[in-house]
Amino acid sequence: MLWVCERKPRFMEVLFQMSRNERIGFPLMLIGINTTLVCIKALKARKLFDVCNYCESVVEGLNELYFGLLRHFRTIWEQRRLTVMDFQSVLEELTDISVKRPMYVVRSAFVEDEESEL
């Protein structure tokens with residue numbers, strides 16, 4: 001989470017504000033810890049070869065996947081107007097996409113990040 005805070009401070013500010021919202025709030029650190037677990041599962045499943053090559057580093061690949069998963073989480077949470085009761089299903093979706101389509105997660109986060117900078 002520190003990498004995202006340092007490199008994407010505006011994104012983390014928005015995520016923090018969402019977490020504090022009365023209606024759609026969520027425990028931000030719980031999201032961070034579980035996202036770390038999802039990244040480790042994808043790494044252990046040997047599904048990050050392309051991501052790590054794309055990023056030219058295992059650490060950078062994991063960081064980019066982590067950011068992509070947080071961005072994916074935020075998009076899902078906002079679009080579906082979810083609550084804390086929906087967290088488990090979102091976590092399962094993040095786990096699934098991190099193993100089946102990790103490059104999609106990384107590339108879509110990069111594209112969304114570029115568009116938000118405009």
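Buried means under 20% relative accessible area, exposed means over 50%, and partly exposed lies in between, with a 1.4 Å probe and protein chains only. By that definition, Arg 10 is exposed, with a relative accessible area of 53%.

Colleagues, the structure shown above is a predicted model, in which local features need pLDDT of at least 70, side-chain atom pairs count only at pLDDT 80 or more, and totals for chains, interfaces and linings use all residues. Residues are numbered from 1 along each chain as its sequence is written, and side-chain values use heavy atoms, leaving out hydrogens and water.

My topic is salt bridges (a side-chain nitrogen of Lys or Arg within 4 Å of a carboxyl oxygen of Asp or Glu).

Arg 10 pairs with Glu 13, their closest N and O atoms being 3.2 Å apart. Both belong to helix α2 (residues 9-20), where a spacing of 3 residues separates them by about one helical turn. Helices here are DSSP runs of H or I with at least four residues, numbered from the N terminus. Glu 13 is partly exposed, at 44% relative accessibility.

In helix α5 (residues 58-80), Arg 74 and Glu 78 sit 4 residues apart, about one turn of the helix. Their salt bridge has its closest N and O atoms 3.9 Å apart. Arg 74 counts as buried at 17%, whereas Glu 78 is partly exposed at 39%.

Finally, helix α6 (residues 87-100) holds Asp 96 and Lys 100, again 4 residues apart. Their side chains meet at 3.1 Å, N to O. Lys 100 is exposed, at 63%, and Asp 96 is partly exposed, at 38%.

Terms used. Helix = DSSP H or I, 4+ residues; strand = E, 2+ residues; numbered from the N terminus.
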